[in-house]
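Look at the sequence and the model before reading on. The report below then goes through some of its features in turn.

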Amino acid sequence: MWNATDWQKVVFSDESRFVLGTDGNRVRVWRLSGERYNSPHTVLRHTACTADVMVWGAIAYDSRSTLVVMRGTLTGQRYVDNILRPHVGPFLNGLPGAIFQQDKARSHTARVVQEFLRHFRLFHGRSAPPIFPL
């Protein structure tokens, strides 16, 4: 079982997408069968593409990374080029014994990402011990 000292080494990271518009076309309506087009259940909305940004950041016990703001789709290569290489690498190298945590988003599991991260200690799973490179 991990203690507080063990958890202090984990660097948690995540990203979120923010739509710079009205609703991002993500309106959810719960209704009964047969009520699909009843006017009380319809919402007028702008259907053109809206601008959005993705914001990534990481936190550790007593430090945090800079926030990275990106437009467009986050591919594995863009994740390496715009986040991992310029931000995560230096951040982890500045924290002795750091263990990097990320979720299993498609851009995080790409081969190019795994190749870059093989040089760092990684944390996989909620209760699993960290996996160290060979």
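Which residues form a nonpolar patch on the surface? W7, F12 and I59 do, and together they have about 280 Å² of accessible area. A patch is made of residues with over 30% relative accessible area and no salt bridge, where like charges are joined within 9 Å and nonpolar side chains (Val, Leu, Ile, Met, Phe, Trp, Tyr) within 5 Å. Accessible areas come from the Shrake-Rupley method with a 1.4 Å probe, and for residues only the protein chains shown count as cover.

This is a predicted model, in which local features need pLDDT of at least 70, side-chain atom pairs count only at pLDDT 80 or more, and totals for chains, interfaces and linings use all residues. Residues are numbered from 1 along each chain as its sequence is written, and side-chain values use heavy atoms, with hydrogens and water left out.

**Overall layout**

The chain has 3 helices and 5 strands. Along the sequence they follow the pattern α-β-β-β-α-β-α-β. Helices (H or I, at least four residues) and strands (E, at least two) are DSSP runs, numbered from the N terminus. Of the 134 residues of the chain, 30% count as buried. Buried means under 20% relative accessible area, exposed means over 50%, and partly exposed lies in between (1.4 Å probe, protein chains only). The accessible surface of the chain comes to about 9700 Å², and 55% of that surface belongs to carbon and sulfur atoms. Among contacts between residues at least 6 apart in sequence, 57% join residues at least 24 apart; contact means heavy atoms within 4.5 Å.

W7 counts as partly exposed because its relative accessibility is 33%.

S13 is found in strand 1, residues 10-19. Is S13 buried or exposed? S13 counts as buried, because its relative accessibility is 6%. The side chain of S13 reaches the backbone oxygen of Q101 at 2.7 Å. This is a polar contact, meaning a pair of N or O atoms within 3.5 Å; within protein, one must be able to donate a hydrogen and the other to accept it, and residues adjacent in sequence count only if both atoms are side-chain atoms. Leaving aside neighbours within four places in sequence, S13 is in contact with W56, G57, A58, F100, Q101 and Q102.

Q101 lies in strand 4 and counts as buried at 16% relative accessibility. With neighbours within four places in sequence left aside, Q101 is in contact with V10, V11, F12, S13 and F123.

**The nonpolar core**

The largest nonpolar core has 23 residues. Such a core is a set of buried Ala, Val, Leu, Ile, Met, Phe, Trp, Tyr and Cys residues joined through side-chain atoms within 4.5 Å. Those with the most contacts inside this core are V11, W56, Y79, I83, L84, F100 and L117. Strand 2, strand 3 (68-70), helix 2 and helix 3 (111-117) are the elements that give two or more residues to this core. Which element gives the most? Helix 2 does, with 7 residues. L117 touches L84, F100, Q102 and L122, not counting residues up to four places away in sequence.

A110 is found in the loop between strand 4 (99-101) and helix 3. At 22% relative accessibility, A110 counts as partly exposed. A110 and V80 are 30 residues apart in sequence and 9.8 Å apart in space, C-alpha to C-alpha.

**Salt bridges**

Side chains of opposite charge can pair when their charged atoms come close. How many salt bridges does the structure hold? It holds 3 salt bridges. A salt bridge is a side-chain nitrogen of Lys or Arg within 4 Å of a carboxyl oxygen of Asp or Glu.

| Salt bridge | N to O distance |
|---|---|
| D52 and R17 | 2.8 Å |
| D81 and R85 | 3.2 Å |
| E115 and R118 | 2.6 Å |

The side chains of D52 and R17 meet in a salt bridge. This pair links distant parts of the chain, with D52 in strand 2 (residues 52-59) and R17 in strand 1, 35 residues apart. D52 is partly exposed at 23% relative accessible area, and R17 is partly exposed at 41%.

D81 and R85 both lie in helix 2 (residues 76-93), 4 residues apart, about one turn of the helix. D81 counts as partly exposed at 36% relative accessibility, and R85 is partly exposed at 47%.

E115 is partly exposed, with a relative accessible area of 43%. R118 is also partly exposed, with 46%.
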